[in-house]
Each structure stands twice: as structure tokens, then as C-alpha cells.
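Please read the following report alongside the sequence and the coordinates. It is written for a reader who wants the geometric criteria stated together with the contacts.

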Amino acid sequence: MSADFDLDNEPDFCLQLQFRDDLERPRVQPVRFDFLLVPELGLAIRPDSKAWAIGIMVPAGHFEITETACMHTTQFEYDANISKVEGPVILNGGHFEQIVVRYGSTSKNGVADRTNYFIMGGRFWMKRFTPGNHANTGNNAKVRHCAVNVIGGEFPEFYLSGIYRALSDTYVDNPHCYINGGKFGMIAGAGMEQIKGDITFKIDHAIIDEFYGGGINASLPVLGKIDVTIDNSRVGKYCGGPKVGILGTTSAYQTVTTHATGTTFGEYYGGGNGGTNYYREQKQDGDVAFPSQSAIGWSSYGYSAFNPLNTVSGVDPAHDESATNKGYHGEYEFEVFNNSNGTTDNAVVRAYYLWVQFGTTATGTVTNYLKNCTVNGNFYGGGNLGNVNGDVNSTLTGTTHVTGSAFAAGFSAAIPKFRVHDKENATTNNFPGRDFTGVITDHTLDYKKDASGDEIYYTWSNTPKPGTTGDNRWKQATYQGADGKWYCWTWVPLENLGNVSGNANITIEGDSKIDGDVFGGGNESSVGGDTHVTLKGKTQVAGDIFGGGKQGDITGNTHVTIE
């Protein structure tokens with residue numbers, strides 16, 4: 001589909017598209033949009049609150065939007081799975097909210113395996129890249145994790161598996177992600193849906209706020225190893241392992257390997273990231289009348305029972321310490337967009353609980369290799385509250401510069417803080433709204449504040465509220481300590497975090513520079529084996545060199561070698 005009649009490399013017409021007028025998802029045959037602006041019909045004419053969406057056209061083969069075209073849509077469903085031939089999805093121009101497998105795919109032989117690769121970039125924006133199942137509870141297709149290629153664009157959230165149907169089955173495959181350019185909020189190797197194989201990232205010239213090589217769902221961990229190559233990029237917080245949960249199984253922990261060149265990190269942890277685990281539970285998904293902009297409008301969608309950290313009087317307290325171990329209600333998430341068929345005033349209305357709990361993390365052996373990199377803070381070869389069941393081997397070479405201290409092992413000096421939503425003081429402005437032309441205004445609940453109007457940050461603690469025992473420990477989970485800080489009780493042990501069970505080895509060589517100290521161990525985390533610190537070449541260390549850790553035990557021997 002092209003329209004450039006005067007050959008000036010600019011689109012001459014726009015295609016006002018409404019692709020759907022019933023409950024089915026029609027297939028679109030192999031197509032490329034080139035030199036076209038493709039807005040929704042409702043966006044172009046706005047007659048009323050109908051037809052604001054573009055409709056849903058599910059690719060039955062090759063689907064491409066070039067950089068000279070621009071398509072605006074909400075939910076894009078990418079695998080027709082109805083006699084579809086294998087083909088790529090190429091998105092280089094447009095504004096998409098999310099991407100999921102075709103609705104109803106479970107009834108279409110239960111697999112989604114016809115898309116063989118993604119290419120995204122150019123002038124493309126997607127709020128959530130989530131290649132997995134549709135949010136509806138009837139969708140549990142077995143999803144193939146194909147190669148993902150990014151050559152630009154912007155993605156506030158980016159996962160290599162879906163986030164809506166956590167218990168869906170998946171193939172035993174090995175997703176590869178190639179990034180060359182682009183801006184990202186958070187990248188994670190897996191969403192809520194499980195990846196059962198290895199994960200490989202190759203990243204160049206990217207800007208990333210947070211990076212986690214593993215998954216975000218502690219209940220369904222990545223089962224394979226993680227291999228990351230990252231060059232010439234900028235990363236705010238880097239964790240080579242999972243955000244929460246183990247990597248592999250408790251009987252066979254998997255390895256994490258990072259090779260970085262010319263990259264700047266704000267925080268660097270070679271292993272996994274422990275801390276607050278957010279478990280997304282769907283409470284509503286369906287085409288319904290747009291809810292009133294109030295608590296009453298959302299009451300039947302789980303809002304009436306929502307009780308963050310059991311702080312709302314008159315609402316039954318809730319917690320989960322089953323095998324899933326979801327913890328407490330933490331946040332209530334709205335997701336709304338106009339119906340895709342253009343024939344009713346209904347909207348797609350979704351609601352989710354984000355449960356919160358302290359999540360532990362563990363990986364197998366970790367290997368870090370940094371060349372000509374900058375770490376604006378401390379370098380940790382191990383995890384951020386995450387354990388390593390194996391060795392940690394780190395090499396800092398070339399002109400690598402650490403502005404803080406370098407630790408061969410992990411970090412456990414502080415338990416992270418978290419916030420929860422404030423239900424009791426919610427107003428109209430906290431709920432999504434829609435005007436008569438169909439324009440939706442997204443909103444969210446505010447975070448809970450103290451009497452002075454400051455947001456409350458809770459710290460996980462194994463000490464319950466004074467005077468509480470038994471079930472009252474979770475029914476009255478929060479309290480303000482004598483130090484003025486707010487705490488929340490968790491039954492998850494907070495001891496022995498950030499530990500390395502084997503040896504911790506760090507080699508600093510070339511023209512590398514450490515502005516702080518060098519430690520063979522961790523920061524208040526232990527090492528079960530030996531430690532080795534080796535300095536070579538023209539390495540400069542402004543501070544001191546310690547064979548052991550900073551307030552962390554070393555079971556074996558410590559070794560320092562300066563060549």
C-alpha cells in the first residue's frame with residue numbers, strides 16, 4: 001500500500017482505516033504499508049465515541065510498516081494462526097500500545113508459532129512489547145519465542161515473553177534479541193510467561209533505564225542460561241540475572257555471562273536482583289460499557305476488594321503465602337481503550353492487581369567482562385541481594401573506570417523500599433475518563449502518603465508489628481518504627497542475601513581506574529569459597545585493596561596479586 005504520486009518521498013494521501021465491524025478478527029494477507037499515514041477512522045473524523053480504534057487485522061503472512069508510513073493503534077494481534085504461512089512482523093513507523101497473540105488462539109489448535117521474527121525501529125513507539133498471550137482468560141496458546149530485532153524506536157517496557165497469561169504453556173526454545181539503537185525504559189529477558197530455554201541479548205548503541213537479563217516472575221523462572229553482549233550503550237541499572245526468582249532450578253542453577261564494551265552503567269550487578277516482586281493478577285478483561293470515572297464504576301472489577309498492605313478499614317485483609325507467594329495487594333492497574341469493532345460505545349476494560357512481596361534471587365556461576373566501560377558508582381560482580389550458587393569471575397580491562405568501589409562478590413547492605421497505591425483518598429482524577437469524541441484520558445491511583453503529605457516508602461522486615469502474633473502479623477502488616485521509618489512484615493527470610501557459594505575472583509588490568517576501594521568479597525554479603533584479587537598493567541586504585549569483603553564473611557582463603 002503506497003501513495004507517493006509526485007515522487008517526493010512523502011506520503012500524498014492517508015488511509016482512514018476501520019478494519020473490523022463484527023466480533024471476529026479478520027486476517028490480513030501479506031502487506032506492506034509504505035508512504036501512508038494510517039490513522040483510525042475515528043481519529044480522523046470523531047463523529048461520536050464509536051470507531052476510535054483502527055480495528056484488529058491479524059497478519060496471515062508478511063506484515064510490514066516502513067519508516068515512510070505511520071500507523072496508530074492500540075492492541076496489535078500478531079499471529080493469525082489460521083492457515084498462516086510463516087512470516088515476519090516489521091514495524092518501523094507508528095504508535096502501538098501493546099502486542100499480543102491473536103485473541104481466541106487457544107481455540108485455533110492452541111499454538112502461536114507462525115511468526116518467525118520481529119523487526120522494529122525507525123519512527124516506532126510501543127508502550128509494552130509483550131510477545132505472548134492475549135489478556136483474556138480463555139487465551140492460553142503455546143507461544144513460540146522467535147528472534148526479536150530492534151533498530152531504533154522507543155519502548156517504555158520490553159519483554160521477550162508475555163505478561164498477561166502467566167500460566168500459559170510455552171515452547172522449549174531459545175529467544176534471541178538483537179538491539180542496535182533505540183530507547184528503552186525497562187528490558188527483561190522474560191515477562192510473566194515462562195521461557196524454558198536460553199536467553200541471548202546482543203545490544204549496541206541503546207539507551208536503557210533498567211536491564212534484567214532474566215525474568216520478572218519468581219513463580220515461573222527462566223530455565224536456561226543468560227548471555228548478554230552490550231556495546232556502546234548507556235544503562236541506568238544493569239543486572240545480568242533475573243529481576244526476581246531463580247535462574248534454572250534449585251537442582252541446576254544456570255549461568256549468567258556479560259560481555260560489555262564502551263558502555264556506561266549507573267549501577268552494575270553481574271548476578272540477579274532481589275527485592276520487591278510484583279505479581280500481576282488480572283481481575284477484569286472484556287468489552288463493556290465505559291466505567292464511570294469513580295470507585296463505584298470499577299467496584300465490580302476487583303476494586304472494592306483491593307486492600308493495599310491491608311491498610312483499608314472495612315475491607316477484608318488479603319495475603320498469599322502459597323507456592324506462588326504473591327504476598328499483599330500493592331497496586332491497582334487500569335488498562336482501557338476503545339472497542340476495536342467501531343459499532344458500539346463499549347470499551348476494552350481491564351484491571352489488574354499488582355501483588356507485592358520480597359523476592360529472592362539466585363543464579364549459577366556469573367562471568368563479567370568489561371572493556372573500556374564506565375560504572376558511575378560501585379561495581380558488583382555478584383547480585384543485588386541475589387545469591388550466586390557457584391563462582392563469580394570478573395575482568396575489568398582497557399580503560400574501564402569505576403567511580404566507586406569494585407566488589408568481586410555481591411551486595412546486601414540495604415533492603416530496598418517500595419510504595420503502594422492509596423485507595424482511601426482516591427478522587428475522580430485518579431480514574432480513567434473518556435469524552436464524547438472517544439478520547440480516553442489515562443489515570444492512575446496516587447501512592448500512599450503520610451500525615452505531612454510525603455509518599456510513604458516501606459521497607460521489608462522480618463520483625464512484625466509490635467504486639468502482633470499469628471495471622472495478625474499479616475493482617476496488620478505495616479507499622480512505623482521508633483526510627484520514624486515505615487516497615488512491612490514479610491515471612492520471606494531476609495538473611496544471607498547477595499551471597500556467593502563458591503569463589504569470587506576479580507582481575508583489574510590495562511589502564512583501568514577505580515576511584516574507591518577494591519574488595520575480594522561483597523558488601524555485607526559472604527563468600528563460601530576463596531577470593532582472588534589480581535591487579536595488572538597500569539591499573540590505578542585510589543583507595544585501599546582488601547582480599548576480603550566489606551563486613552562480609554569469607555569461608556575460604558583470600559588472595560591479592562599485584563603484577
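The report below takes up strand pairing, aromatic contacts, backbone angles and salt bridges in turn.

## Basis of the values

This is a predicted model, in which local features need pLDDT of at least 70 and side-chain atom pairs count only at pLDDT 80 or more, while totals for chains, interfaces and linings use all residues. Residues are numbered from 1 along each chain as its sequence is written, and side-chain values use heavy atoms, with hydrogens and water left out.

Helices (H or I, at least four residues) and strands (E, at least two) are DSSP runs, numbered from the N terminus, and two strands pair if DSSP finds at least two bridges between them. Between E19 and strand E27 (residues 361-363) the parallel pairing runs over 2 bridges, and Gly 245 stands opposite Thr 361 in E27.

## Aromatic contacts

Rings of Phe, Tyr and Trp (its six-membered ring) pair if their centres lie within 6.5 Å; planes under 30 degrees apart count as stacked, over 60 as edge-to-face and the rest as tilted. A search of the whole structure finds 41 aromatic pairs. In one of them, the ring centres of Phe 265 and Tyr 268 are 5.0 Å apart and the planes stand at 80 degrees, so the pair is edge-to-face. Phe 265 is buried at a relative accessible area of 0% (buried means under 20% relative accessible area, exposed over 50%, partly exposed in between, with a 1.4 Å probe and protein chains only), and Tyr 268 is buried, also with a value of 0%.

The rings of Phe 407 and Phe 519 have centres 4.6 Å apart and planes at 5 degrees, so this pair is stacked. The pair links distant parts of the chain, with Phe 407 in strand E34 (residues 406-407) and Phe 519 in strand E43 (residues 518-519), 112 residues apart. Phe 407 is buried at 2% relative accessible area, and Phe 519 counts as buried at 6%.

## Positive phi angles

Asn 310, a residue other than glycine, has a positive phi near 55 degrees; Asn 310 is found in the loop between helix H2 (295-298) and strand E25 (328-338), and is buried with a relative accessible area of 11%. For Leu 385, phi is near 70 degrees, again a positive value in a residue other than glycine. Leu 385 lies in the loop between strand E30 (379-380) and E31 and counts as buried at 2% relative accessibility.

## Salt bridges

A salt bridge is a side-chain nitrogen of Lys or Arg within 4 Å of a carboxyl oxygen of Asp or Glu, and a search of the whole structure finds 14 salt bridges. Arg 144 and Glu 86 meet in one of them at 2.8 Å, N to O. Arg 144 lies in the loop between strand E11 (142-143) and strand E12 (147-159), and Glu 86 in the loop between strand E7 (75-77) and strand E8 (87-100), so the pair ties together parts that are 58 residues apart in sequence.

Arg 128 forms a salt bridge with Glu 335, the closest N and O atoms being 3.4 Å apart. This pair links distant parts of the chain, with Arg 128 in strand E10 (residues 115-129) and Glu 335 in strand E25, 207 residues apart. Both Arg 128 and Glu 335 are buried, and a network of salt bridges links Arg 128, Glu 157, Arg 280, Asp 285, Glu 333, Glu 335 and Arg 350.
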